[in-house]
Amino acid sequence: MPNFANPFQGNVDRKMTKEELIQAIRLDIAGELEAIYLYESHVLATDNAAAKKVIADIRDEEKAHVGELMSLLKILDPEEAEHFASGETEVAEMMENLNIQIPEAKETSNPDESTHKTVGSLIKE
Ligand SMILES: [Fe+2]
């Protein structure tokens with residue numbers, strides 16, 4: 001648990017090796033998953049509409065963080081990425097045998113992009 005009263009606690013005297021960084025990313029992913037679990041439990045445990053809305057939004061941001069960190073982990077450790085891909089293929093085969101379609105992940109655009117005007121978007125076609 002961090003000791004926020006100590007401003008030097010987070011300082012380290014060296015940079016991580018690549019292997020240590022990979023381990024740190026795995027720990028970061030675990031932290032994001034724990035945060036999702038906690039936020040979801042709070043959403044489920046309240047009927048306060050405002051709290052549900054805000055906490056659910058934060059929970060979803062943590063899910064995006066998992067995606068970012070998983071992508072980074074695959075870049076840092078391509079061998080691990082092959083294991084992830086192998087697992088995905090195994091599940092896809094199981095679902096195919098059960099005639100269950102795997103839903104495609106929807107590409108969620110940045111909400112700012114849809115309303116953000118650029119020079120190009122002002123040109124009439
Ligand atoms: Fe996060």
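Of the 125 residues of this protein, 3% count as buried, where buried means that 20 or more other C-beta atoms lie within 10 Å of the residue's own, exposed means 12 or fewer, and partly exposed is in between, with C-beta atoms placed from the backbone. This is a predicted model, in which local features need pLDDT of at least 70 and side-chain atom pairs count only at pLDDT 80 or more, while totals for chains, interfaces and linings use all residues. Residues are numbered from 1 along each chain as its sequence is written.

**Overall picture**

- The protein has 4 helices and 0 strands; helices (H or I, at least four residues) and strands (E, at least two) are DSSP runs, numbered from the N terminus.
- Among contacts with a separation of 6 or more, 52% join residues 24 or more positions apart; two residues are in contact if their C-beta atoms, placed from the backbone, lie within 7 Å.

**The pair α1 and α2**

- Helix α1 covers residues 18-44 and helix α2 residues 49-76, and they pack at an angle of about 160 degrees with their axes 9 Å apart. Axes are lines fitted to C-alpha atoms, for helices over the stretch in contact, and angles run from 0 to 180 degrees between N-to-C directions.
- The contact of α1 with α2 has 18 nonpolar, 2 polar and 9 charged residues. Here Ala, Val, Leu, Ile, Met, Phe, Trp, Tyr, Cys and Pro count as nonpolar, Asp, Glu, Lys and Arg as charged, and the others, Gly among them, as polar.
- L44 sits in helix α1 and is exposed, with 9 other C-beta atoms within 10 Å.
- L44 and A56 are 12 residues apart along the chain, and their C-alpha atoms are separated by 9.7 Å.

- α3 has 20 residues and reaches 29 Å from its first C-alpha to its last, close to the 28 Å expected at 1.5 Å a residue; the expected span is 1.5 Å times one less than the number of residues.
- α3 is hardly covered, with 0 buried residues among its 20.
- N99 lies in the loop between α3 (78-97) and α4 (111-115).
- N99 has a positive phi of about 55 degrees, although it is not a glycine.
- N99 is exposed, with 6 other C-beta atoms within 10 Å.
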